[in-house]
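Take a moment to look over the sequence and the 3D structure below. We will walk through a few spots together, one at a time.

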Amino acid sequence: MHATSADPTLETLATARAGLRQRLLAGLVSLVSGAVTLALLPFANLPIPPMPGFVPVYQSALVVVYGLTTFLFLTQYRRTRSASLLVLGTGSLYVTLVVFLQMLSFPNVLAPGRILGSGPDTTTWLWTFWHVGPPLCALPYAILEGDGRSRTVAPARAAAVALLAIAATVAAAALTAVVVTRYVHLLPKCVEGDDYWLLTTSGVGPAVVALTVLALAVLCWTTRLRTVLQLWLAVSLLLLVFDNMITLPGAARGTVGWFTGRLEALVAGFILLGVYLREVDFLYARAEATAQEREARRAELQLARDNLALALEAAEMGDWELDLRTGFSRRTPRHDAIFGYREPVESWDVETFLGHVVPEDRDAVRTALEGVGGSGRLDLNCRIRHAGDGSIRRITVRGKAYRDEADQARTVAGIVMDTTHQHEAEERLNQAQKMEAIGQLTGGVAHDFNNLLTVIVGNLDMIVRKPDNAQRVERLAASAMTAAKRGAEVTEKLLSFSRRQVLRPETVNPNRLLKDFRALLQRAVGETIEVRLDLDASLDPVRLDPGQFESAVLNLAVNARDAMPGGGTLTVRTCNAHLDPHETADRPDLRPGAYVLVSVSDTGHGMDDATLARAFEPFFTTKDVGKGTGLGLSQVYGFVRQAGGHAQIKSEASRGTSIELYLPRSVEKEAQNRPDGPMPLRRAASGEVVLVVEDEPAVLEMAVESLGELGYRTLTATQAEQALERLGGPERIDIMFSDVVMPGGMNGVQLSVEARRLRPGLRVLLASGYTGTALGEQGVPADLPLLSKPYRRDELANKLRVILG
């Protein structure tokens with residue numbers, strides 16, 4: 001594709017730079033004219049033989065030359081709206097009119113006697129005024145062009161300004177005619193018959209010469225004769241100076257000086273016309289070359305269009321263009337076929353397009369179309385109803401806006417593509433990937449839980465068969481409890497990875513958590529590994545679940561320990577970070593903004609590319625069998641994502657690993673410090689009654705047994721309706737301990753609302769292992785205490801202590 005110039009305007013003599021060749025030619029013309037003037041100066045007052053018809057021919061030639069020059073200047077003004085060209089055009093028009101008036105003042109030229117004036121005084125003063133015209137228009141031209149800036153007239157005013165300037169020039173010429181005819185006796189006497197020596201002695205002639213020299217000097221000084229027009233305008237003024245120099249000493253018509261001056265004045269007028277005529281030939285050659293180049297470009301463009309049409313047809317894309325002002329559109333047949341038409345429709349506009357879009361997508365599509373003027377781009381995916389069979393199809397529309405001179409969107413052009421099959425293929429691929437991930441997940445869960453259940457079932461079986469040996473029963477029960485705890489940890493990590501765990505977020509300073517956690521970190525990694533904390537003192541607070549954060553850091557520390565079997569350094573660093581839009585472009589789930597960065601780095605063996613790509617997958621591990629669940633990093637990833645942040649790994653083989661956690665900055669104040677150390681076990685103090693609501697009989701029995709050991713009296717219900725019936729009765733109930741997920745259409749959160757409506761002072765404790773299915777995105781309200789399953793008696797006692805104050 002060819003590049004186009006930013007300014008398509010062709011250069012003219014008014015704008016083209018004067019080259020060395022032009023300057024040499026102008027200097028040669030000036031030297032020749034000066035030499036002829038100096039050579040003939042001693043003979044200026046010698047008479048020459050009579051030349052009948054010279055005056056009418058000469059004056060007519062001047063009128064034609066200056067008239068054509070005026071036409072060229074004004075024509076170029078109409079195209080460029082240049083104020084300086086308008087000045088030259090009106091000045092040339094004034095000279096044309098005055099020269100024509102002078103021709104009318106000569107006796108026996110166009111009619112017997114004089115048509116204008118009554119004597120040679122009128123003719124001489126008209127000669128003076130036409131010699132004053134060029135320097136008077138050259139002076140403002142030089143001032144306008146002095147700084148090299150282009151001064152143009154507004155397009156809306158260009159024609160009116162030109163007409164006004166022409167009218168003023170004609171009026172000035174008419175005023176000149178009135179002055180030199182009716183009031184010539186008031187002007188200085190400049191001629192006696194054919195002798196105009198008085199023109200010199202009165203000072204009028206030298207004043208004209210001085211004015212011309214001044215205009216020439218100003219033109220050369222201000223413009224430095226940069227352009228071709230400025231260069232040859234200076235030569236024209238110089239020839240007028242030579243005209244005056246040779247004419248004034250001659251002091252009479254019919255002398256060598258008079259004849260030479262007439263020729264130099266004619267050459268001075270003809271110079272600009274001749275240069276412009278040369279420009280016409282030059283422009284014709286350029287136009288011919290441009291036409292040939294455009295024809296070649298047209299052929300290339302047509303070839304490109306044909307290739308584009310073939311490419312669009314092969315890709316089953318429709319090409320379209322829409323004029324935003326008229327609503328007129330240009331489309332290829334493929335465009336209309338995508339919308340279900342066998343034959344192209346007669347008209348197509350925005351409303352026609354919106355009429356095909358399904359109602360659910362219509363507002364978003366309309367917003368995108370209305371915003372194309374500002375963004376310059378159109379990029380949307382939507383669903384349409386196929387005009388042929390009425391089916392729902394998916395399309396992708398891409399477009400670009402093209403602007404006019406006022407920077408307003410004029411047209412939009414682009415492509416449309418039916419992406420229904422592509423979308424269906426992506427859905428099938430996603431489903432296949434989900435099924436593969438589920439297969440991997442269920443395989444890992446089954447493997448780990450079967451091992452744990454083997455331990456639990458086997459130990460319980462041995463306890464049941466020989467319950468008399470207390471030491472043996474205690475040992476087997478402890479082993480089963482350990483296996484059950486490991487099962488609870490696996491479940492917790494799975495929920496964390498899937499971002500379905502119940503969090504109790506607080507606004508905390510990660511630095512404080514890490515400082516309190518340092519001793520545990522050191523014990524977890526061992527004495528061969530040095531733990532370093534590089535904490536930013538000005539760190540912003542974040543809102544997260546402190547326990548989950550500590551668990552995540554501990555998982556990372558354990559992984560780092562395993563990567564440094566021979567010892568090394570574990571560095572935990574914190575700092576404030578700000579992610580710009582370009583940094584989050586490849587992470588659509590991460591928004592730009594302020595974050596707190598927590599990184600855990602080690603000096604271990606690092607990861608290769610294959611390991612790095614799967615590090616966050618659940619049950620993926622590089623450790624030996626039995627030494628890891630493969631859920632550590634997946635738990636970290638799930639926790640950070642549920643907190644609204646992002647986790648990423650930077651690692652190279654043999655150069656260590658750094659895991660970065662980006663946590664959103666919180667604008668809330670940091671929460672008060674949590675109590676240190678375990679709380680004392682809380683038992684029932686005054687016969688408190690607990691209503692236990694649980695649909696699983698075994699869990700209900702275990703809860704009642706635990707509460708009984710703690711001294712609580714219990715009432716039971718297996719459904720929410722039974723619980724509400726008991727709450728509506730006269731029995732004493734201090735606490736309602738309810739499962740979250742229950743059958744019957746009412747979950748634990750809804751039950752707590754109804755229960756507190758019946759008994760406003762009732763305390764509530766909820767228990768659940770997973771709330772996602774029952775509560776969806778809302779989760780458990782922050783004002784409701786929650787006990788995670790599985791739980792032990794001591795954990796239940798601590799929660800009861802919290803809710804009872």
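**A guided walk through the model**

Let us begin with Phe339, which counts as buried because its relative accessibility is 1%. Keep in mind as we go that this is a predicted model. Where does Phe339 sit? You will find Phe339 in the loop between helix H10 (333–338) and helix H11 (350–356). Which residues does Phe339 touch, once its neighbours within four places in sequence are left aside? The contacts are Trp348, Phe353, His356, Ile384, Arg385, His386, Ala387, Ile395 and Val416. Another residue to look for here is Arg393: Phe339 and Arg393 are 54 residues apart in sequence, yet their C-alpha atoms are 8.7 Å apart in space.

Is Thr223 buried or exposed? Thr223 counts as buried, because its relative accessibility is 0% and buried means under 20%. A polar atom of the Thr223 side chain lies 2.5 Å from the backbone oxygen of Leu219. If you set aside residues up to four places away in sequence, Thr223 touches Ala142, Glu145, Gly146, Val218 and Gln230.

Next, let us turn to charged side chains. Side chains of opposite charge can pair when their charged atoms come close. How many salt bridges does the structure hold? There are 18 salt bridges in the structure. One of these joins the side chains of Asp243 and Arg262, with an N to O distance of 3.3 Å. Asp243 lies in helix H8 (residues 228–250) and Arg262 lies in helix H9 (residues 256–314), so this pair ties together parts that are 19 residues apart in sequence. Both Asp243 and Arg262 are buried.

A second salt bridge to find is between the side chains of Asp562 and Arg561, at 3.2 Å from N to O. Asp562 is partly exposed, with a relative accessible area of 32%. Arg561 is partly exposed too, with a relative accessible area of 31%.

The side chains of Arg757 and Glu754 meet at 2.9 Å, N to O. Arg757 counts as exposed because its relative accessibility is 57%, whereas Glu754, at 26%, counts as partly exposed.

Our last stop is a sheet. Strands of a sheet pair through backbone hydrogen bonds, either parallel or antiparallel. In which order do the five strands of this open sheet come? The order is S14-S13-S15-S16-S17, and the pairing is parallel. The edge strands are strand S14 (713–717) and strand S17 (786–788), each of which pairs on one side only. From one strand to the next, the twist averages 20°.

To finish, look at one pair of strands in that sheet. Strand S16 (residues 763–768) and S17 run parallel and are joined by three bridges. Which residue in S17 is the bridge partner of Leu766? That partner is Leu786.

Definitions and conventions:
Residues are numbered from 1 along each chain as its sequence is written. This is a predicted model: local features need pLDDT of at least 70, side-chain atom pairs count only at pLDDT 80 or more; totals for chains, interfaces and linings use all residues. Side-chain values use heavy atoms; hydrogens and water are left out. Buried means under 20% relative accessible area, exposed over 50%, partly exposed in between (1.4 Å probe, protein chains only). A polar contact is a pair of N or O atoms within 3.5 Å; within protein, one must be able to donate a hydrogen and the other to accept it, and residues adjacent in sequence count only if both atoms are side-chain atoms. Contact means heavy atoms within 4.5 Å. Helices (H or I, at least four residues) and strands (E, at least two) are DSSP runs, numbered from the N terminus. A salt bridge is a side-chain nitrogen of Lys or Arg within 4 Å of a carboxyl oxygen of Asp or Glu. Two strands pair if DSSP finds at least two bridges between them. Axes are lines fitted to C-alpha atoms, for helices over the stretch in contact, and angles run from 0 to 180 degrees between N-to-C directions.
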